[in-house]
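Please look through the briefing below with the sequence and the 3D view side by side.

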Amino acid sequence: MPVQEQAILREKIAAAAARGRYVLHNVRPNNAVTRTGAIDTAGAEFFLADVTVEHGKILAITPAGTPTALREAEAAHMDCAGRIVLPCFVDCHTHLDKGHILPRTPAADGTFAGALAATRGDRTAHWSADDVARRMDFALRSAFHYGTSAIRTHLDSQPPQDTISWPVFEEIRQHWRGRIELQAACLFPIDFARDETFLKSIAQRVAAAGGILGAVAYPAPDLDELLERMFAAATRHGLDLDFHTDETADPSVDGLRRIAAAALRTRFAGKVLAGHCCSLAMHDSATIDATLDQVAAAGISVVSLPTCNLYLQDRRHDGTTPKWRGVTLLHEMKRHGIPVALASDNTRDPFHSYGDLDMLDTYRLGTRVLHLDHPVGDWPRAVSATPAAMMGLPDKGTIAEGQEADFILFEGRSWSEVLSRGESSRIVIRDGAPISTALPSYSELDGLEGPAHD
Ligand SMILES: [Zn+2]
């Protein structure tokens, strides 16, 4: 199926969308991310279907070859020859404020400590409102182009950065409304929570902006108390929580268990998302089981960030080769009933030198690192319906009758075909019509503040 056919199909869909109604015959959705009503998909991972779109919404999803909801003459009919179709992606853990600072941070050495230091230096020197806004907008244009419809970003919120980044974020969220649903979580080292004045003021700022209360829950002697302060502040201000957790191979680090214990102790009623959770993979099996029982009981969700974990974990500067993959125990979590997602995390900054907020790229890497195959099962939920639920966006991340026609039509007709190429010709459909965007040119970033290095 040459790329040219994809371009012709895109034009046909665009013309049909302009007329209001069309049917895509023989598309192949993933069962787990398609609410089909009456279709019996017999548990198939992917099945052949016809999707009827009317005025930007999905009117019907019917088994391929059965009469559609519209008569022949009422709509344009297009044969998609078995192409895979997925809902638009939901990316629940990113750092839009850090994105694309890599050219300014040549001292970063691929280690976690090096990344922290390099980012701190760049933030204090260069993160003006204009700088943050330009990099965020660049990143969002890429994400939209690739087919993402909702993003949560963390925002470094150490004073005075909070007073700069949050107003910028709110403006950008408004600008992108209807294209990408944006959420933000504040980010600071959890020992900042010792300062009641700071915690109160940041919680107020986050609440006023409709955000999420977040922190890096790294080991501190009084971590349990600090967590309780975070949970109390979240309850007081009606906020959900989002923690960076255990981004290390050190087996003595057990922040995830402590977060679960704090959630249970405080009977927290909001949503809690924990990111990374790498060190869990280094615990013994009895500890793992006990931790996951608690995480499940506390209703905590987990997001794995395989790009950054592979990049930062087991980084060596002695000429030897990394031996561990760095990712958490996603299969075991899923078996415990814990909602699990994959997300992009850092892109082109000291924490990860690469990436462009393409969730297909993230999922492809996740499949290879975490073995999300044999069977594929419902793993595509990890970049769609599951993170949408974590973010409280039930209308995102699924293909469903009555919902906006927001989906991605790939060139590949099987999962292997989709994950084996870049799929640069994928057709992103929003409100029923193909988008016609281009990726922003890297040269747009040449004029950013500060010295540029290659
Ligand atoms: Zn992160």
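Helix axes are lines fitted to C-alpha atoms over the stretch in contact, and the angles between N-to-C directions run from 0 to 180 degrees. This is a predicted model, in which local features need pLDDT of at least 70 and side-chain atom pairs count only at pLDDT 80 or more, while totals for chains, interfaces and linings use all residues. Residues are numbered from 1 along each chain as its sequence is written, and side-chain values use heavy atoms, with hydrogens and water left out.

**Helix packing**

- Helices, which are DSSP runs (H or I) of at least four residues numbered from the N terminus, include H6 (residues 223-237) and H7 (residues 255-265), whose axes lie 9 Å apart at an angle of about 50°.
- That angle makes H6 oblique to H7, since angles under 35 degrees count as roughly parallel, over 145 as roughly antiparallel, 65 to 115 as roughly perpendicular and the rest as oblique.
- Contact, meaning heavy atoms within 4.5 Å, involves Leu223, Asp224, Leu227, Glu228 and Phe231 of H6, and on H7 Gly255, Arg258, Ile259, Ala262, Ala263 and Arg265.
- Helix H3 (residues 129-146) packs with helix H4 (residues 161-176) at an angle of about 35°, and their axes are 10 Å apart.

- His93 in strand S6 (residues 89-94) and His244 in strand S10 (residues 241-245) link distant parts of the chain, 151 residues apart, where strands are DSSP runs (E) of at least two residues.
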